Amino acid sequence: KLHGRLYSPGQKITNDCEDCVCNAGRWVCKDLPCPGTCALEGGSHITTFDGKKFTFHGDCYYVLSKGDHNDSHALLGELAPCGSSDKQTCLKSVVLVTDRKKDVVAFRADGRVLLNELEVHLPHVTASFSIFQPSSYHIIVDTAFSLRLQIQLVPVMQLYVTLDQASQGQVQGLCGNFNGLESDDFRTASGLVEATGASFANTWKAQSSCHDKLDWLDDPCSLNIESANYAEHWCSLLKKTETPFSKCHSAVDPSEYYKRCKYDTCNCANSEDCLCAAL
Ligand SMILES: [Ca+2]
């Protein structure tokens with residue numbers, strides 16, 4: 001039985017990462033080459049390629065991912081305060097440095113795309129990358145080096161980075177080293193494994209002039225009872241049965257999404273935008 005469906009002995013299922021055969025009431029699985037996805041959501045929540053989740057309120061350009069040895073391309077993200085306090089941060093832009101650092105493509109939160117500081121109109125195709133915009137809500141970037149970006153623009157900028165398994169263990173940055181181990185994802189360029197999200201993230205500043213940021217461990221919902229009630233009302237829909245989300249519960253645990261939804265909704269000056277982005 002899987003996700004509420006019954007399977008007969010010998011029946012085979014394939015998902016993104018595994019081939020499984022039903023054998024005497026158990027699944028016998030074989031790993032398949034599996035791409036990794038790193039996400040930067042709500043302006044502060046990072047999920048690494050290996051699935052480590054942390055929250056960091058940055059104020060700088062940070063290296064999200066670059067090659068371990070070969071630094072001919074790199075992906076940067078610009079995080080900055082965007083509300084009434086510096087505890088509300090937004091992803092302001094995503095920068096792809098490519099073609100042996102000759103080309104710099106900047107994706108701005110307002111949807112503009114700049115190639116070497118000149119605005120380009122989409123779609124834009126070169127030998128090493130192509131950019132297209134399937135809807136006003138998002139931009140897709142494919143590269144010749146197995147990196148794929150999905151940039152969401154509305155209601156706030158969020159980023160999903162996918163890497164082929166061929167890059168496994170050969171990258172570093174805020175998105176982690178993609179070696180299949182979650183526990184070593186706070187490893188810095190110098191080889192130390194840091195203890196907290198901020199101490200790790202500070203080592204990936206792309207500009208030395210930026211200040212280091214501290215971890216912020218407060219619960220933003222403890223600061224304002226009105227926001228807390230609003231957030232609970234809407235975010236709890238993620239966990240409830242008999243909502244459209246409940247159909248996904250057998251495949252996706254909603255608790256992490258619920259936690260993040262409450263955090264962002266309480267932390268945000270414009271709660272509705274942050275709520276919608278989290279949902
Ligand atoms: Ca790892």
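Trainee: Which residue in S11 is the bridge partner of valine 105?

Mentor: Leucine 115 is. The model is predicted: local features need pLDDT of at least 70, side-chain atom pairs count only at pLDDT 80 or more, and totals for chains, interfaces and linings use all residues. Residues are numbered from 1 along each chain as its sequence is written, and side-chain values use heavy atoms, with hydrogens and water left out.

Trainee: What makes S10 and S11 pair?

Mentor: The rule is that DSSP must find at least two bridges between two strands. A strand is a DSSP run of E with at least two residues; a helix is a run of H or I with at least four; both are numbered from the N terminus. Strand S10 (residues 103-108) and strand S11 (residues 113-115) have three bridges. So they pair, and the sense is antiparallel.

Trainee: Which sheet do S10 and S11 belong to?

Mentor: An open sheet of seven strands, in the order S12-S11-S10-S9-S8-S7-S18. The pairing is antiparallel.

Trainee: What makes S12 and S18 stand at the edges?

Mentor: Strand S12 (118-119) and strand S18 (171-172) each have a single partner strand, so one side of each has no neighbour in the sheet.

Trainee: How do you know that S14 and S15 pair?

Mentor: Strand S14 (residues 129-135) and strand S15 (residues 138-143) share five bridges and run antiparallel. Serine 130 faces aspartate 142 in S15. A hairpin of two residues joins S14 to S15.

Trainee: Which strand do five bridges join to S15?

Mentor: Strand S16 (residues 147-152), again antiparallel. There, glutamine 150 is the bridge partner of isoleucine 140. The hairpin of S15 and S16 has three residues between the strands, and serine 146 takes a positive phi near 70° in it.

Trainee: Which protein atoms are the donors of the calcium ion?

Mentor: A donor is an N, O or S atom within 2.8 Å of the metal, or 3.2 Å for Na, K and Ca; water is not among the atoms, so sites may look incomplete. Here the donors are Asp50 (OD), Asn177 (OD1), Asn179 (OD1), Leu181 (O), Asp184 (OD) and Asp185 (OD), at 2.1 to 2.4 Å. Along the chain they follow the spacing D-x126-N-x1-N-x1-L-x2-D-D.

Trainee: Why is the arrangement around the calcium ion called octahedral?

Mentor: Six donors count as octahedral if opposite donors are over 155 degrees apart and all others between 65 and 115. The six donor atoms here subtend angles of 80 to 174°, and the arrangement is therefore octahedral.

Trainee: Why is aspartate 184 called buried?

Mentor: Buried means under 20% relative accessible area, exposed over 50%, and partly exposed in between (1.4 Å probe, protein chains only). Aspartate 184 has 9%, so it is buried. Aspartate 185, at 2%, counts as buried too.

Trainee: Is alanine 127 buried or exposed?

Mentor: Exposed, because its relative accessible area is 81%. Alanine 127 sits in the loop between S13 and S14. Its C-alpha lies 8.7 Å from that of threonine 143, although the two are 16 residues apart in sequence.

Trainee: Why is aspartate 99 called partly exposed?

Mentor: Its relative accessible area is 24%, so it falls in between. Aspartate 99 is in the loop between strand S9 (89-98) and S10. Its phi is positive, about 50°, although it is not a glycine. Lysine 101, in the loop between S9 and S10, also has a positive phi, near 70°.

Trainee: Which peptide bond has omega near 0°?

Mentor: The cis bond from leucine 122 to proline 123. Proline 123 is in the loop between S12 and strand S13 (124-125). The bond from valine 154 to proline 155 is also cis, with omega near -5°. Proline 155 lies in the loop between S16 and S17.

Trainee: How many residues line the largest pocket?

Mentor: A pocket is an open set of points on a 1 Å grid over the protein atoms alone, with protein on both sides within 12 Å along at least five of seven lines; lining residues have an atom within 4 Å of a point. The largest pocket has a volume of about 530 Å³; a volume is the space filled by probe spheres set on the points. It has 25 lining residues, and the closest to its centre are Thr37, Thr47, Thr48, Phe49 and Gly51. Strand S4 (36-41), strand S17 (158-163), helix H3 (255-267) and helix H4 (271-278) each give two or more. S4 gives the largest share, four residues.

How values were computed: Tetrahedral: all angles 85-135°; square planar, octahedral: opposite > 155°, others 65-115°. 1 Å grid on protein atoms, 1.4 Å probe; cavity = no way out; pocket = protein on both sides within 12 Å on 5 of 7 lines; lining within 4 Å.
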